[in-house]
Every structure is written in C-alpha cells, then in structure tokens.
Amino acid sequence: MADRALTLSARYRRTPWWVKVIVIFAASRVVTTAIMLWFAARQGTNAWTAAHPDYFDFAAIWDGHWYYIISVVGYPTSLPLTADGNIAENAWAFMPAYPAVVRLFMELTGQSFPVVAVFVSVGFALAAALMFYKLMRLVVPASTALFSVVLFCVAPLSPILQVTYAEPMHLLLLTLALYLLIRRSYWMLIPVIAVMSLTRPSGLAFALTMLLHVAHRWWMQRPQARNRQAFPLRERVASIVVGLFSALCGIAWLLIAWGVTGSLEAYTRTELAWRAAYIGQGELVPFTAWVSATSFWAPWFGMPQPLLLLLLVIVVTGFFALLASPWSRRIGVDLRLWIVSYSLYLLAVFFPQSSIFRLLVPLFPALGLLALPKSKTYRVLLVALCIVGQVAWVDIGWWVDGVDWTPP
C-alpha cells in the first residue's frame, strides 16, 4: 500500500501543470453544471425562457439577451428614450468584442446563440484558468498557484464562467495583461489592452495600474538600484506609452458610441439608465454613487444611513489596509496595484446593487492570498464554502424567482 501511494505521488509530481489545471477545471464545471441544472429544473416562466429551460437557454438569460441582440443586429444608431425623455437601457452598455466572437462562431457552425455563446465562454474560461496558473506561478510556489486555480474554478461567482456573459473572455485578457506587466513585456500589452477594453470596461483601471506601476518602479527603488538602471529609459518610455494607450482605450467606447449615435453622452447615459430604477435619473459624479447607495439601502438593512455609511468607510479602509499588509505583499506589487486600481474604479463609477458581486470578479488575483495557507483542513473547508457560495449566488442572482430585483 505504501509503495502504491509512493507511485501515485511520483506520478502526480510528473504530471504536467497544464494537465492538472485542465482536470481541476473539468471537475469544477461538473459541479457548477449540476448546480445550474438543478435551478433550471425549478425555473418557472420568465422574461427570457419558458418553464424548465434546458441548460443553454437558462445560461443565456439576463444580460446574455443583450449580447444575443448585439450578435444578431448590432447597436442602435438612434438611442431609445423613456416616457420622460431620458435615454433608456440599450445595447450600448455592452462592449462588442465578446458578441463579435460569438457571431463569428455562429456563422462558422450554424448553431444558435445560446449553444455557441456557452461553448465560447467555457473555452475562454479554460484558457483563463491555464493563464491564471502561469500568472500566479510568477509570484507564489507551484502548489499555491495550483490551489489558486482551484479557488478560481469553484469561487462563488464561477458559474459566470459558463454562461453567455463576456466575463470569461475578459478574465483571459486581464490575466494575460497582468502576466505581461509582471514580465515587463510592455509593448506586447498594447493589443491585449485594446481587445480587453472592448470586452469589459477596464481601460481606465488598467491605466491607473500602469501609472502606479511607473511611480513604484521610479520612486520606490533604492537610489543605488536606480543608479544601476533598474528602470531603464526604454522601459520608462514603453510603460508610459502603454499607460496613455490604456487611458485612451478606457474612453474609446464612449467615443465610438458618440460617433455612431451623435450623442456624446450615449454611453454614460445608457449606463446611468440601469441605476435610475434605484435612485432615479442623475449625473455621473465620481465617488458619489456609493454614498447615495447608503441612503437607498439603509431601510433595507434596517439601520440608519449614517451607520451604513460608517460601515462602508470601515470596510473600504480595512480592505486597502489589508492590501498594504506584509501578508498581502506575498503576491507581489503589480497584482496589488491592479486590485487597488480596479477597486478605486468601482468606487468611482459604480452604483452598488446585486451586480456588485459579478463586478468584483476582476479582483480574482486576490485568490492568491486565500491560497497561501497550506492546511488541508482549511483548504477543504474553503472549497466547500465556495461551492455553497455558488448555490447562494445562483439562487439570489441568476435564478428568476418572481420579482426581478437582484440582477447578476
């Protein structure tokens, strides 16, 4: 028995890393698919499907329907208006890269949108898992990197990896961008950022990451290291150019929407239409939406608005303090700079509601921190909690149970 265990252990050590990642990914998809099918069997008639839809139709609800519209007819040249004259919800809120890829494979295969989009998402998700291992391997040992992949594949929001949403494609591109950043392959970042920014809003957040990255390399290096050209001129030029390019990509979709519709506010007003159901029409004033949200959510939580605002300040302050702690430094500077940048981006532009959980997905490099403890008991319990979290998220955010007030 001992010899058999040693043989299995030796075979495991000789197994290529990519095989391990594929096995982890496949096993996790079995679990998540079972959860999704269980909810689909209980799903009643809703705005997108009949009762008890099959997996593909169930995976194509919510924003998946917007991606379907874009893949079939594209974007409106005239913006739809509400009864009071404001811009209504429309396709301009969604970037074009993912539906373009889906449309390409629809043409090549002749299959319907739900089937093609699910397979495209799963393909991107597998590639993202493989790339995530490579990324984490730059900053942590192999066993920790592999467990980071486990958490990536079973995380409470991991059902998003196999529905008709753009997140899997964006995660692959973001993982590749962070990998190239850590490797200092600045010029190779340009095409990645260009496509990434047209997949999910991320150009401005990555531009801030580049700004912080340049500042860190220049100002935080010891003087003697600076004298040894730790940050050579060619890398300074490349990193600054990439940062400026990312900032331009961050507003590119706004400019494209303006060019097509003739309205400079086409994109921003479209995005604001989604929060109008909560707080009415308003302007996009950075960093104010979360404060407004405390007034909206305070009655729901049954607490005074000042107390909820204080809790928000404590949570945000604690989060950024954690990122500055010695423990978090173990995943390196650049991943933490991305986490800081994207968090600030969300605080600047997003109104917090149930979609916040999905919008936190790009913070996935933080999974490397959760993967650091090596206790087997800890790891088993964490995986179990993540799977329970999947059930909770599908129940709260994906499954349509009568009243539509918790979109994923």
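1. L369 belongs to helix 18, residues 367-370; helices here are DSSP runs of H or I with at least four residues, numbered from the N terminus. The relative accessible area of L369 is 5%, so this residue is buried, a term that stands for under 20% with a 1.4 Å probe and protein chains only. From L369 to L108, 261 residues away along the chain, the C-alpha distance is 41 Å.

2. On provenance: the model is predicted, local features need pLDDT of at least 70, side-chain atom pairs count only at pLDDT 80 or more, and totals for chains, interfaces and linings use all residues. Residues are numbered from 1 along each chain as its sequence is written, and side-chain values use heavy atoms, with hydrogens and water left out.

3. Of its 17 residues, 14 are buried, so helix 16 is mostly covered.

4. The second largest pocket has a volume of about 1,200 Å³. A pocket is an open set of points on a 1 Å grid over the protein atoms alone, with protein on both sides within 12 Å along at least five of seven lines; lining residues have an atom within 4 Å of a point. Points are joined across faces, edges and corners, and the volume is the space filled by probe spheres set on them. Its lining has 42 residues, with A93, E271, W274, F350 and L359 nearest the centre. Helix 4 (63-73), helix 10 (203-219), helix 12 (233-261), helix 13 (266-279), helix 16 and helix 17 each give two or more residues. Helix 13 supplies the largest share, eight residues.

5. By class, the lining of this pocket holds 28 nonpolar, seven polar and seven charged residues. Nonpolar covers Ala, Val, Leu, Ile, Met, Phe, Trp, Tyr, Cys and Pro; charged covers Asp, Glu, Lys and Arg; the others, Gly among them, are polar.

6. One cavity of 30 Å³ or more is counted, a cavity being a set of grid points where a 1.4 Å probe fits but cannot get out. The largest cavity holds about 40 Å³. Helix 8 (167-182) and helix 17 (356-359) are the elements giving two or more residues to its lining, which consists of E167, H170, R200, P201, Y342, R358, L359 and P362. Four of these are nonpolar, one is polar and three are charged.

Technical notes: Buried < 20%, exposed > 50% of the residue type's maximum accessible area, 1.4 Å probe, protein only.
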